[in-house]
Each structure stands twice: as structure tokens, then as C-alpha cells.
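Open the model in your viewer and keep the selection tool at hand. We will go from stop to stop.

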Amino acid sequence: MYEKAVVNLKKSYLFPTYNKFPLTLVRGHRTTLWDDEGKSYLDFMAGLAVCNLGHVPERVKTRIQEQMDQLWHVSNLFHIPIQEELAEKLVTISCADLVFFCNSGAEANEAAIKCARRYHQRVLGNNRYEIITFEQSFHGRTMATLTATGQEKVKDGYLPLPEGFVHARFNDIESVRNSITPKTAAIMLELVQGESGVHLAEPKFVFELAKLCEEEGILLIVDEVQTGIGRTGSLFAYEQYGIEPDIITLAKGLASGLPIGAMMGKEKLREAFSAGSHASTFGGSPLPMAAGLATIQMLVEDEVCERAKYMGIYALSKLKKNLEAYSIVRAVRGLGLLIGIEFTEPVAPIIQKLHQNGLLVLPGGTHVIRFMPSLYVTCDEIDQAIGILSNVLEERDGSADGAAL
């Protein structure tokens, strides 16, 4: 049995910045979570694509415990061997040459923006500072990254916003061409726009975009905060598009739940981030470095990316087949185990019902449900999740105008 968590819902000392689901989760293993009443849930959220290896993966846990007995934090003013070890591993498995560690995806994207501007202004000696991003993108919640984000909802109440950000239309190369000015320093792209509804970049668009950046001397930043670390069926989504970005940003799945972020870049950017140009107090501390190193080792040694690729194909196929009879389902799309199910109406009531029936999912925008399970998810667990969703939709169709939801 689990001890009932005591939460005073009438008075909280937290700022109410989250619309919380009415659940208190206390334990997890692989793709299963348990609440404080002992009820189990099939987790297809993975902590917002953070727990890519499932909850509390044993090898990562062991490595963290070993590090806890040695050293938790010193400072980046000293050499941290495990930081160098993780950086070398990331460089080895990517097209990057250098790594900067921080604490989150927003910080990684903030570092990318700063690095791009400083490269042009301090290394190349020009005055470029504009960053082109895309409508419906999501890059974080800091002032710079929410301005970079192509969604107005995250900007409400934060005026004036920093200058130097331009939004082009996703998958529209002419819109990008028309957005370029003599001040353009970089283009920041998500290859799958997860938060706004799982929209995939078209291969032709990405190829033309990379070519355009090369022709115009513009840095290409690929935001892999959600798509990286095996989520899309490869270590990094950019690998499936045949490009080599100048800068890659990572976070979420990199340390299996510990706070981490990483900005990775090409050798030519070394001088842009010279001593004193950027810093992070907690970035690169031994504990998240240990978790990150164990996470990458598991991904590579267990060939988890290949597993995610085939589980994603299996899930997409089963979803399309099982949901085609429901008129409320508009489309199913995804890459690897980042899958979106688009509906003709808002999904909040459906998500509430799914949670009640033991399946944890989250929205992507207002009309999309995201499936993002552990990369170790099994065919049986995928079938179970689709079964729960089908039952909820059947119940909806069987009720008067879906009133039961």
C-alpha cells in the first residue's frame, strides 16, 4: 500500500502557474505510474518526453547513487571530469564539436541565441542579430525564448518583448526567403513542432532551408529539446533529414529526469563562447552529468533508438487502423514515439476521461492528444493504450452528443 499524500488544495503556497491534473503520483517504473491511492496508470506522457528510458531506469539510478557518494556540486571554475566525459560522448554521437551545459531546454535555446549573435558580432564582425523562427513553434519561457516562440499565448502580459525575432511560416521556404534581411543571424527550427500539435517538417523544406542558410551565411539552429535523445527513432531528429545543423539544443530526455540542458555547436563557434561570455551556476554539475552519461550509454548499448523507431511505426499503424471509424478523429501523425492524434473538437474532456481510465496523455494545442511513452514501451502497452482510447471514444459516441465526457 502507498501512504496517502496530504495536499491542501484549499490553500497553496505555490504561484498558480500550472493547471494541474487532479492526481498525485508517488511511484513509477518503466511505463507505469502509481498514485497515492495505489491506482496504476499507463504513462504515455513520460514527464513531457523527459523520461525516455521510463521511470527510474536502474542503470541511471545506480550511476546517480554512485555520484551522490562522491560529489554533488563544485563550480565550473574547476575542471569536472564527468562533464568532459559526457561532452565527449555527445560530440561522438552527433555532428557537433563543442558542448555547453545548462539546466533546461529554455536555457539551451537562450544559449543558442546568444552564441549565434556573438558569432556574427564578435567573430565575423558584422551586426547581424535577428533570429528567424516559425509560426506555432515553441522554444521556452524565458523572455528571449518566449519571444522566439511562434505562439501568442505564451507572450500575453510580457510586453515589451526583446527585438530581433521574426516568424516565418512552417514548411514554406518562400516565407523564409522573404523574412531574411541583412541583419539575419540564424534560423531556429523544430523538426517536429510538438507542443502545438505534432507538426512534421517536410524533408524538401528542410533540405532547401539548410541550403539557404549555407548560401546566405546564416547559422542553422535545430531545437531538439523534445525530439532528441531517441524520441523520434534516432538519437537526433536531424539525422533523419540528412542535414548538419550549426547548433543543436537538447534537454528533456538527456538525464532521465534530472534538470539538464545542452547547447552543441560546430568548431567555428568556439571563439564566440570564449571565457566570460556565458555561464551557468548549476549547468554541468556532477549529478546531472552522471545521469546524462548513463542515459546515453543505455540508449547506445541497448539500441533504444531502433526500438523507438519500430514501436513508433507499430503505434502509428495501429492508431490509424483503430481510429479510422471515428469521425471525431481528423488525423494521426508522428515521428518515432512522438505521435499526435488530431480531433475535430477540443480534447480536454477526452483527456480527462482517459486519465480516469488509467491512461496518462497530454494535449498538443487544443485539438491534439500526444502519445509520448517510454522508448521501452511494448506492443502490449501500445495496444492497451489504444484500447483505452477506443473505449472512451465508443462511450462518447454512445452518449447523447458526447455529453458523458
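This predicted model holds 16 salt bridges. Start by selecting Arg63 and Glu66. Their side chains meet in a salt bridge, 3.8 Å from N to O. Both sit in helix α2 (residues 58–68), three residues apart, so about one helical turn separates them. Glu66 is partly exposed at 39% relative accessibility, and Arg63 is partly exposed at 22%.

Next, pick Lys153 and Glu195. Their closest N and O atoms are 3.2 Å apart, in another salt bridge. This pair links distant parts of the chain, 42 residues apart. Lys153 lies in the loop between α5 and β6, Glu195 in the loop between β8 and β9. Is each one buried or exposed? Lys153 is exposed at 53%; Glu195 counts as buried at 17%, because the cut-off for buried is under 20%.

Now select Arg59, Glu301 and Asp302. Salt bridges link them in a network.

Move to helix α9, residues 304–323. Colour its buried residues, among them Ala308, Met311, Ala315 and Leu319.

Finish in the largest nonpolar core, which has 89 residues. Phe343, Phe371 and Leu389 touch the most other members. The largest share, nine residues, comes from α8. Show the contacts of Leu389: they include Leu319 and Leu323, as well as Phe343 and Phe371. Apart from this core lies another, of 23 residues, including Ile131 and Phe165.

Technical notes: Residues are numbered from 1 along each chain as its sequence is written. This is a predicted model: local features need pLDDT of at least 70, side-chain atom pairs count only at pLDDT 80 or more; totals for chains, interfaces and linings use all residues. Side-chain values use heavy atoms; hydrogens and water are left out. Buried means under 20% relative accessible area, exposed over 50%, partly exposed in between (1.4 Å probe, protein chains only). Helices (H or I, at least four residues) and strands (E, at least two) are DSSP runs, numbered from the N terminus. A nonpolar core is a set of buried Ala, Val, Leu, Ile, Met, Phe, Trp, Tyr and Cys residues joined through side-chain atoms within 4.5 Å. Contact means heavy atoms within 4.5 Å. A salt bridge is a side-chain nitrogen of Lys or Arg within 4 Å of a carboxyl oxygen of Asp or Glu. Lists of a residue's contacts leave out its neighbours within four places in sequence.
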